[in-house]
Amino acid sequence: MSDLTSEKIELLKEKANDIRISIIEMLVAAGSGHSAGPLGMADVFTALYFHVLKHEPTNPFWEGRDRVVLSNGHICPVLYAAMAHSGYFPVKELLTLRKFQSRLQGHPHREFLPYLENSSGPLGSGLSQIVGMALVDRIDNGQTSDKFFYCLTGDGELDEGQNWEAIMLAGKERLGKIITIVDRNNIQIDGYTEDVMPLESLSHKFESFGWHTEEIDGHNFQAIIEAVGRAQAVFDGPSVIIARTIPGKGVSYMERDFKWHGNIPGTDIAGEPAKAEQVTIALHELRTLGGQIRSEHQ
Amino acid sequence: MINKLQKLNPKLWDKDIEQVPIRKGFGEGLLAAGELDERVVGLCADLTESTQMHLFRNKFPHRFIEIGIAEQNLASVASGMAAMGKVPFITSYAMFSPGRNWEQIRTTICYNNRPVIIAGSHAGISVGPDGGTHQAIEDLAIMRVIPKMVVISPCDHIEARKATLASVGLKAPVYIRLAREKTPVITTEDSPFEIGKANLVYGVEGKADVGIIATGALVYRALKVAEKFNKEKITVKVLNVHTIKPLDEKAVLELAKDCGALVTVEEHQIAGGLGSAVAEYLSQHIPTPIEFVGVRDVFGQSGTPDELLEYYGMGESHIEEAVQKVMKRK
């Protein structure tokens with residue numbers, strides 16, 4: 001990773017905002033999908049795709065690339081947007097999300113979009129796949145490898161038992177090249193995670209399975225990138241970064257509200273802005289950075 | 001009469017015919033595959049010796065991963081290893097893999113298009129005294145319905161070894177069904193074997209009264225029944241369908257044309273298995289009377305393999321009855 005300058009942080013903030021705008025535009029064009037998760041993870045994905053990852057978007061099958069496995073496939077709008085904005089495919093293709101024969105399937109399918117490392121949708125199997133990838137890297141390259149294996153998971157999906165099978169195995173095998181980032185946004189479809197199925201103390205759970213843990217503000221680029229740096233320095237075990245995020249981040253009426261997990265702007269929901277206003281409000285807020293800049297064209 | 005071209009065991013009718021567990025052929029095949037191809041890795045869920053993966057583990061400890069009793073993880077870790085260029089074999093009892101981890105196999109192996117080879121040991125009702133919880137009699141059905149999956153059910157340990165070796169080069173997800181008990185050795189090293197190509201093990205070219213389509217260890221019982229009828233001047237052919245998917249449609253069609261009446265034989269639920277595959281195909285091309293020998297929508301129980309096969313309708317007497325019944329339907 002290169003050094004993180006203040007100029008770079010400003011650039012990342014702009015990229016994250018562009019990605020959020022794309023997320024809203026693609027969801028509206030698709031007419032269905034998930035809003036809260038992708039908006040909440042926009043900063044983490046921006047940090048990865050524009051600073052952390054070793055990758056070549058114009059040479060996507062480069063063998064030396066870091067591997068990224070998205071476990072909670074339903075937040076794929078943020079993955080697709082980060083990939084498009086970093087050069088894997090044209091940004092305008094984002095508007096084909098969820099359409100017939102689009103490369104951008106409603107949940108990621110690597111046979112449609114071969115730049116993906118995995119297909120996902122059913123929850124809880126991403127960690128197992130990243131463990132398999134890291135095991136091969138160790139078998140083939142031993143300790144000389146310079147690849148990292150990133151897995152992005154939701155917090156609600158940690159209800160799935162398979163995660164803990166994989167977490168146990170990664171601890172047993174001391175897979176130091178694994179860096180998992182959990183989107184700790186505290187919501188899932190039926191409500192708040194601590195009501196549906198309490199996860200806390202999540203950090204202690206991972207620790208007791210032999211993982212190095214970090215807990216950070218998932219909207220602070222410096223915090224994200226420094227945590228990844230510390231995780232990269234851990235040699236003898238896997239690392240997890242619990243990224244505390246605000247679901248729906250950047251669109252005021254969506255923030256922290258589980259009702260926006262599986263809905264898109266333009267949906268009739270009690271207590272929310274009028275259906276017809278929602279898209280306009282969301283795009284206005286993002287284009288003006290929540291009112292920080294006056295003109296949308298500034 | 002026995003099809004000489006198949007070069008079957010010359011001692012096929014001996015009372016003390018050699019018997020070897022089918023799973024043993026898998027273990028030997030995996031070891032050989034490991035020696036031939038460095039990409040081969042083995043993963044097991046705490047049943048390394050009984051699935052015969054220990055032969056591979058002992059030779060290649062650094063290419064073996066002990067997953068623990070966690071079959072869902074077993075399937076998806078293998079998917080990740082395949083993503084990095086390996087050819088992973090995963091083993092457990094068929095009841096647990098593919099029984100417990102079906103969705104992981106569907107999504108992370110098949111939908112992901114990763115060439116993982118799944119060996120399901122202790123399949124069928126003949127696992128015996130362990131009882132119904134351990135008798136996988138639905139595995140062919142649940143594997144057959146997943147796109148891309150190749151489904152193989154070898155008739156003896158030699159065929160299992162050949163299937164295991166041949167699977168490495170397929171570049172596709174494969175399910176290999178293995179039985180626990182000692183099973184009569186039907187084929188020899190010289191017998192032809194090609195994935196997707198059924199073998200006419202009994203009968204010669206031309207017409208016959210009935211065709212039996214069998215898979216797995218029950219191929220031996222089908223052969224004995226055919227021999228018995230042949231002595232009574234009723235001509236019966238036996239097709240060994242070791243690859244359930246892709247089905248050798250040409251061979252099945254030819255048998256249906258030659259015989260005009262068929263019996264399918266499998267140690268599996270009638271719903272969704274070999275018989276279903278045959279019926280699905282023939283009903284669209286040359287509707288043919290078929291009798292199905294298999295488990296009739298019930299669970300098994302404890303007992304010896306012979307007791308159970310007899311009780312649940314897969315004994316030689318049941319195959320004979322099915323042959324006689326289907327002849328009358330011509």
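Which strands of chain B does helix 7 (residues 219–231) of chain B lie across? Helix 7 of chain B lies across strand 9, strand 10, strand 11 (236–240) and strand 13 of chain B. The model is predicted.

- Chain B holds an open sheet of 5 strands in the order 9-11-10-13-14, and the pairing is mixed.
- Strand 9 (199–202) and strand 14 (290–295) of chain B are the edge strands, each pairing on one side only.
- From one strand to the next, the twist averages 25°.
- Strand 10 (residues 210–214) and strand 13 (residues 262–269) of chain B pair in the parallel sense, over 4 bridges.
- B:Gly211 has B:Leu262, in strand 13 of chain B, as its bridge partner.

**Helices on the sheet**

- Helix 7 of chain B runs at about 165° to strand 11 of chain B.
- Helix 11 (residues 316–328) of chain B also packs on the sheet, where it touches strand 10, strand 11, strand 13 and strand 14 of chain B.
- The direction of helix 11 of chain B makes about 160° with that of strand 14 of chain B.

**The helix pair between the chains**

- Helix 5 (residues 126–141) of chain A packs against helix 3 (residues 71–83) of chain B, with the axes 6 Å apart and an angle of about 50°.
- Helix 5 of chain A and helix 3 of chain B are therefore oblique to each other.
- The crossing of helix 5 of chain A past helix 3 of chain B is right-handed.
- From helix 5 of chain A, the residues in this contact include A:Ser128, A:Gln129, A:Ile130 and A:Val131, along with A:Gly132, A:Met133, A:Leu135 and A:Val136.
- They meet residues of helix 3 of chain B, among them B:Asn73, B:Ser76, B:Val77, B:Ala78, B:Ser79, B:Gly80, B:Met81 and B:Ala83.
- The residues of the contact between helix 5 of chain A and helix 3 of chain B divide into 9 nonpolar, 7 polar and no charged.

**The chain A side of the contact**

- In the contact between the chains, 23 residues of chain A touch 23 residues of chain B.
- Helix 5 and helix 6 (161–173) of chain A each supply at least two residues of the side of chain A that touches chain B.
- Helix 5 of chain A gives the most to that side, with 10 residues.
- The residues on the side of chain A that touches chain B comprise 9 nonpolar, 9 polar and 5 charged.

Technical notes. Residues are numbered from 1 along each chain as its sequence is written. Chains are lettered from A and ligands numbered from 1 in the order in which they are written. This is a predicted model: local features need pLDDT of at least 70, side-chain atom pairs count only at pLDDT 80 or more; totals for chains, interfaces and linings use all residues. Two strands pair if DSSP finds at least two bridges between them. Axes are lines fitted to C-alpha atoms, for helices over the stretch in contact, and angles run from 0 to 180 degrees between N-to-C directions. Two residues are in contact if their C-beta atoms, placed from the backbone, lie within 7 Å. Angles under 35 degrees count as roughly parallel, over 145 as roughly antiparallel, 65 to 115 as roughly perpendicular and the rest as oblique. A crossing is left-handed if the near helix is turned anticlockwise from the far one by less than a right angle, and right-handed if clockwise. Ala, Val, Leu, Ile, Met, Phe, Trp, Tyr, Cys and Pro count as nonpolar, Asp, Glu, Lys and Arg as charged, and the others, Gly among them, as polar.
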